[in-house]
Amino acid sequence: MNHNFAIIGIAGYIAIRHLKAIKDTGNTLVAALDRFDSVGFIDSYFPDADFFVEFERFDRHIDKLRRNGTDIHYVSICSPNYLHDSHIRFALRSGADAICEKPVVLNPWNIDALLEYEALTGRKTWNILQLRYHEAIIALKEQVAHGPMNKVYDIDLSYITSRGNWYHYSWKGDTMKSGGIATNIGVHFFDMLTWIFGKPLENKVHILEESRAAGFLQLEKARVRWFLSIDYNDIPDEVKKQGKRTYRSLTMDGAEIEFSDGFTELHTKTYQEIIAGRGFGLNESRQSIETVFEIRNAVPLGINGDYHPMAFQFKKP
């Protein structure tokens, strides 16, 4: 069956992965919305799709299609984080399932409200949790599941993805709109960790700034020290010498878990699973949303206790 898609936020950097996934799964993009019109790349995927820069006209068009017998089966949502909740509601009341980028919402109570909305509309909200389909992450989950029952692993997560000055002037630099750094660049890692090692038992924050955050997360089967940053200066010197602006590392009991490759095709795999009815919904997203919400609202403890090694340089005398 060929499914009809609409997309909200097509000018965003992640949207092209959604276009590719829609095309690769043999489906059709019918309509797209973004306040910015730099979307010429759509011609390489769906040149016949209607495009709108005003939500009101987009809303009216989707409703007209439905009344004329053309159903929109899915609405892909790539808009800024703080708009996800509203755009999911639009999708559901339009008779479509929502496919939403992470974080699906900013606050845990938004999930409860959307579950009620799903019950009212009979439609479903799917979240893009693509790391759950990464072969190396699946293998790690299997390793832990079949490992010693009472073993608690030591995990170090480091993720530095350099961003320029523009970041702080965009919606991403506004905590009220993005949720802050742990939500904006870290939520999929926290989802991955809780998916593998179980629910959080303790959540401590050592650093909480605009450009970086660090903390300690006690999970059922892991002690996690984590460090997130968008500051190029935080990248290790040996990585800078290679001309790289991103550093990603995950170690378990001192051994590196390599999962740097294979990211770009995971949206297509995610779409395949969603269309087959096997995707991840709101309840699967809850744990990571609760985790980053707690981090965002924490009072940082400073550099003491069991902290990430990369946080030591920020220890105050």
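This is a predicted model: local features need pLDDT of at least 70, side-chain atom pairs count only at pLDDT 80 or more; totals for chains, interfaces and linings use all residues.

Residues are numbered from 1 along each chain as its sequence is written, and side-chain values use heavy atoms, without hydrogens and water.

I looked up the angle next: H1 (residues 15–24) and H11 (residues 266–275) pack at about 50 degrees, with axes 8 Å apart. Axes are lines fitted to C-alpha atoms over the stretch in contact, and angles run from 0 to 180 degrees between N-to-C directions. Helices are DSSP runs of H or I with at least four residues, and strands are E runs of at least two, numbered from the N terminus. The two helices, H1 and H11, are therefore oblique to each other (under 35 degrees is roughly parallel, over 145 roughly antiparallel, 65 to 115 roughly perpendicular, and the rest oblique).

Which residues of H1 and H11 make the contact? I found Arg17, His18, Lys20, Ala21, Ile22 and Asp24 of H1 with His267, Thr268 and Tyr271 of H11 (contact means heavy atoms within 4.5 Å).

Then I went for the backbone. The peptide bond from lysine 102 to proline 103 is cis, with omega near -10 degrees, and proline 103 is in the loop between S5 (97–100) and H4 (108–121). Aspartate 253 is not a glycine, yet has a positive phi of about 50 degrees; I found it in the loop between S11 and S12 (255–256).
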